[in-house]
Amino acid sequence: MKFTLSWLRDHLDTKADLASITDKLTGVGLELEGVADPGAALAPFRIAHVIEAVQHPNADRLRVCTVDAGEGPVSVVCGAPNARTGMKGVFAPVGAVIPGSGMLLKAGEIRGVASMGMLCSARELGLGEDHDGILDLPADAPVGRSYATWAGLDDPVVEIAVTPNRGDALAIRGIARDLAAAGIGALKTFQPEVVVGKGASSVSWKIEMPQVCPWVLGRTIRAVKNGPSPAWLQDRLRAIGLRPISALVDITNFFTIDLGRPLHVFDVAAISGDTLTLRPGNGETFRALNGKDVTVTPEDCVIADAAGVQSLGGIVGGEATGCTEATTDVFVECAWFDPVAIALTGRRQQISSDARSRFERGIDSALMPAAMEAATQMILDLCGGEASEVTSDGAEPAWRRTASLRFARLRDFGGAEVPEDEAEAILRRLGFGLVGRDAESITVSVPSWRNDIAGRGALEPAKALSPDQIAQMEAGVAAIEPEVDLIEEVLRIWGIDRVPAASLPAASAVPKATLTPRQVRAATVRRVLAARGLSEAVTFSFADSRVAARFGDTAEGLRLVNPIASDLDQLRTTPLITLASAAARNAARGFPDLGLFEIGPAFRDGARNTQQVVAAGLRTGETPRDWAEPARGVSALDAKADVWAALTALGVPSEALSVSADAPVFYHPGRSGVVRQGPKTVLAQFGVLHPSVVRALDLPTEAVAFEIFLDAIPEPKRRRKVAPVLSAFQPIRRDFAFLAEAATPADDVLRAARGAVRDLVASVVLFDVYQGERLEAGFKSLGIEVTFQPRAASLTEAEIEEASAKVVAAVTKATAARLR
Amino acid sequence: MPDDIAALQAEAEAAIAAAADPRGLDAVRVAFLGKQGRITGLLRGLGQIPADERKARGAAVNALRDGLEAVLSMRQAVLDAVALDTRLASERMDVSLPPSLGPRGVIHPISRTIEEMVAIFGAMGFSMAEGPDVETDWYNFGALNMPAHHSARSDMDTFYLSGMDGGQPLVLRTHTSSVQIISMLSEPPPLRLIVPGRTYRADHDATHSPMFHQCEGLVLDRGITLGHLKGCLTDFLRAFFAISNLPVRFRASYFPFTEPSMEVDIGWNRRTGELGAGGDWLEILGSGMVHPKVLANCGIDPREWQGFAFGMGVERVTMLKHGISDLRLFYESDIRWLRHYGSSPFQPAMLHEGV
């Protein structure tokens, strides 16, 4: 919402300066967006009388002028051809900055003659392109006066952001009222005189859609002369960014801004028949004043004449019945539309207009008759003519209601000690009427322009609430909401900044844990993965459906109805999709060797509460080159190590895990695994990314990935640890080499060895895997070290031999591997 | 001391001193103290000495032997030290070689900021709550006093999914305020919670991302006032930005789910970007007293319970705190950017270490 300071002063009697006004606007909730003060740059420029202009003694094309700008004659050397004795011009004293050039004006001497200032052209003042000569002002221009003030160029334009609840502040009068309430001057009275009409209006109203338009006024004004509106009106509209069109249209725009009261003018000659009907649309199309064709629906309230739809009520008028320079008889529309209906129609039709933005916030219904009179008077003043009587249909919508405030609540809810009298005074200045007041509370009537106060919007209660509960909640809201509305009014005017800040009282001396165990898991995994050299990324939850398709089938429910871009059109089924794209971008930048991870949502089918938290990681390219350890391509087991590190850190016992080769399609089928705890619970999957995914995304050839399903990880049991067995006897270590078929999982050998001798095998380590020429084809050698930990006594050689034999037997039984 | 013993001592000591390495020294030991050694021979010959002289001579030979053993071990220590020095001198390595630390991993600044928020609000007794990114229209709008015609519901801002839930459209949550509702329905007040999480709006340009992070907060109790709102948020902002006198300004505004509503500004210098000084104001978060209808929609009687809610952009406060200028780079995963702005996993945000 833009307005000029002079326009504000039409409604506000104030001596406050611009800065005080703008600060206060922000304080009361009408946030300042910007101030343009075109006069500021022109402040030093004054109107001057050229007492004498004579030829410069040393230059043919210069004149020496003796100029009086109110402070006595000074000498100015001027090159303008139109500089002449007796003229009035605009004088820039030494020290002024010339807006057109940014030049700082200094005292000087031009060809031997002193020059103590400058007479300016329009271009030099930044007021246009005219540089043929200096500004030539009328003879009656007052010498010494600020040029900007005299020319009306010093009127600052203020722009504020109006929140959706404040329809009344989309009017200069409403803004003035808030400022007056907050102590910036006094609100001027607005009481237009009634124009006594002659005869009935030749056009009348008929409401057939009262739920959208319950009340409408109209009047015909005959024999008007439409044309350009006067300069003052054009200047005002232009200053706030509106284009003057014609006097009749400019008048409607004036009242839209001035009173927040949109009006519309029909050319009576263009109306078919003598009745305008407010009715539901029926699929008709009409050409709107914005030049676009609008097709109306049965939910839209239109204004139709005998020929059809002419206007979309409350939003935009029609071209066919609009006023032109040729209009002689005009019909003025002043209607009240339901805010919700206008909001829905506006959104459906995708039309923004000054009328819509006001109607959808709510219009002051009590103002309609006065606004009609004020508009009539201005039309008569600017266009002449003769007004008919006012015609109407429907009735004023009910708006009268009261609200009460318990003074103690200003303190107990608002946290502020506002004196009771001051609270009352603030409400009164805002236009609330005093209904009653006692020691504890005050009851006021709500002004017609504040539909945001003590409104009766319905609850949208949770489905789980019983009818009794809902009734109780409705009673609670009815008791509290109007009071909170009033507290807000009092506090925003009294000053939110005056409410003393109070630290929250401690809920307990030592705060309880902030995170749930589930949240701690994510934090732990984040640190573990970062500590393992992976860098955390945050990528979008949506992906390109074409890329996502490479990661398996996706449910239709994951598609966005209104994606912002075609490559962000569905929710991702795994963070690997977006992470892999991120790795590809890094590779394209010249960084193919890297590790990324992300902890974020994976979506299953787009239903509520079906997303999972996944810690996904990706390693691409080679390990870092290093003098001590040669670089190598990343391997599936690097990804497995990441998984193991994370799961171990989360307290998952690694003995409880099994790996099977049934990872999803985006992994290499022979170099990937699914990690389960028990037979069912999938905790993670890892492996080499499938070559087709690598190729499609343009990833480095070596790319391994993992996904850890954090929600699937069981809570570690919080048991007290039993005391450890710290045996006094030395452990015995024995190495075994087994010859196993190449396909034998090493883990089977390790497990068999671990379980071979209960209470004696403390650990089993795989220290060698060999496959090659020295073995028969299709076989591999696995070297394991078994640690026996005796507890009661040192082992004898015979006992060691016996235990070793059990290890060999167990491994052979489980895997058919034999001792080499 | 008999002359022959003294001469032997002198001879042995000279031989020990002359031994240049452990091997030479060992030869000297064998020559004098070995089984066939000369001093051993003297001891063996004591039997042939007359009994009255034997004691004195025996003592002298023993003294000679003990003395030589001491001299030998001293010489041994000297020669060992020399040999060690010689060996170490040959064992030099290039200690300027770069050590292998493995690649450095980092934590994303968004996660870091959330950790800091959790630490600071945690100290004020808040706990962290979470909820789904896919929400019904009721949790995201209706319950929060944003009726069907509210402008925020327009297609311009909200991402819709094709599915429905109980007859309601599914949306990507436009704020984490939806989790307020989930929490109020599942836990009775008093409540103190923060909800950091992903949020979505159909907006994409230099200063808007279709996905961003928000941290919602909710305090519900008896006797919580607007003064507490101001105190709590001022305490947070000063701790988060580590500026104990950071100017904080509250000004009236409007949100459907709070009343009174306030925007919160912090003081900064618009020209230099410096926080806490400069006389300009920067909008940083929205807040307000929880609207009675929001409480009532969740079955909480507004006559009994009251409190405040707030919401702030995680990226926004991160950008301000660290002087990051481009929002889009948060999601680009450029490894150079991540390494530059990321933080170490070994320095989690902890109040006792300073956030």
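This is a predicted model: local features need pLDDT of at least 70, side-chain atom pairs count only at pLDDT 80 or more; totals for chains, interfaces and linings use all residues.

Q: What is the phi of Asn145(B), and where in chain B is Asn145(B) found?
A: The general idea first: most residues other than glycine have a negative phi, and most peptide bonds are trans. Here, Asn145(B) has a positive phi of about 65 degrees, although it is not a glycine. You will find Asn145(B) in the loop between helix 6 (137–140) and strand 3 (160–165) of chain B.

Q: Which loop of chain A holds Asp698(A), and is Asp698(A) buried or exposed?
A: Asp698(A) sits in the loop between helix 17 (691–697) and strand 37 (703–709) of chain A. Its phi is positive as well, about 65 degrees, and Asp698(A) is not a glycine. The relative accessibility of Asp698(A) is 62%, so this residue counts as exposed.

Q: Now the peptide bonds: which residue is joined to Pro190(B) by a cis peptide bond?
A: The partner is Pro189(B), and omega for that cis bond is about 5 degrees. Pro190(B) belongs to the loop between helix 7 (178–186) and strand 5 (191–200) of chain B. Another cis peptide bond joins Glu259(B) and Pro260(B), with omega about -10 degrees. Pro260(B) has its place in strand 8 (residues 258–268) of chain B.

Q: How many disulfides does the structure hold?
A: A disulfide is a covalent bond between the sulfur atoms of two cysteines. Over all chains, the structure holds 0 of them. Take Cys323(A), which is in no disulfide: its nearest cysteine sulfur, that of Cys383(A), is 9.1 Å away. Cys323(A) has 14% relative accessibility and therefore counts as buried. Cys232(B) is in no disulfide either, the nearest cysteine sulfur being that of Cys215(B), 11 Å away. At 0% relative accessibility, Cys232(B) counts as buried too.

Q: How do I read the surroundings of one residue; say, what is Met312(B) in contact with beyond its neighbours within four places in sequence?
A: Start with its setting: Met312(B) is in strand 10 (residues 306–313) of chain B. With 1% relative accessibility, Met312(B) counts as buried. Leaving aside those sequence neighbours, its contacts include Met117(B), Phe121(B), His213(B), Cys215(B), Phe236(B) and Val317(B). For a view of sequence against space, Met312(B) and Gly217(B) are 95 residues apart in sequence, yet 8.7 Å apart from C-alpha to C-alpha.

Q: Let me zoom out: how many residues of chain A are in contact with chain B?
A: On the chain A side there are 106, and they are in contact with 108 residues of chain B. The two chains bury about 8,500 Å² between them, 59% of it on carbon and sulfur atoms.

Q: And how many salt bridges are there between chain A and chain B?
A: The count is 8. One of the salt bridges pairs Glu31(A) with Arg251(B), whose closest N and O atoms are 3.4 Å apart.

Q: Which helix of chain A gives the most to the side that touches chain B?
A: That is helix 12, with 13 residues. By class, the side of chain A that touches chain B has 56 nonpolar, 24 polar and 26 charged residues.

Key. Residues are numbered from 1 along each chain as its sequence is written. Chains are lettered from A and ligands numbered from 1 in the order in which they are written. Side-chain values use heavy atoms; hydrogens and water are left out. Contact means heavy atoms within 4.5 Å. Buried area is the accessible area (1.4 Å probe) that two parts lose on being put together, summed over both. A salt bridge is a side-chain nitrogen of Lys or Arg within 4 Å of a carboxyl oxygen of Asp or Glu. Helices (H or I, at least four residues) and strands (E, at least two) are DSSP runs, numbered from the N terminus. Ala, Val, Leu, Ile, Met, Phe, Trp, Tyr, Cys and Pro count as nonpolar, Asp, Glu, Lys and Arg as charged, and the others, Gly among them, as polar. A disulfide is a pair of cysteine sulfur atoms within 2.5 Å. Buried means under 20% relative accessible area, exposed over 50%, partly exposed in between (1.4 Å probe, protein chains only).
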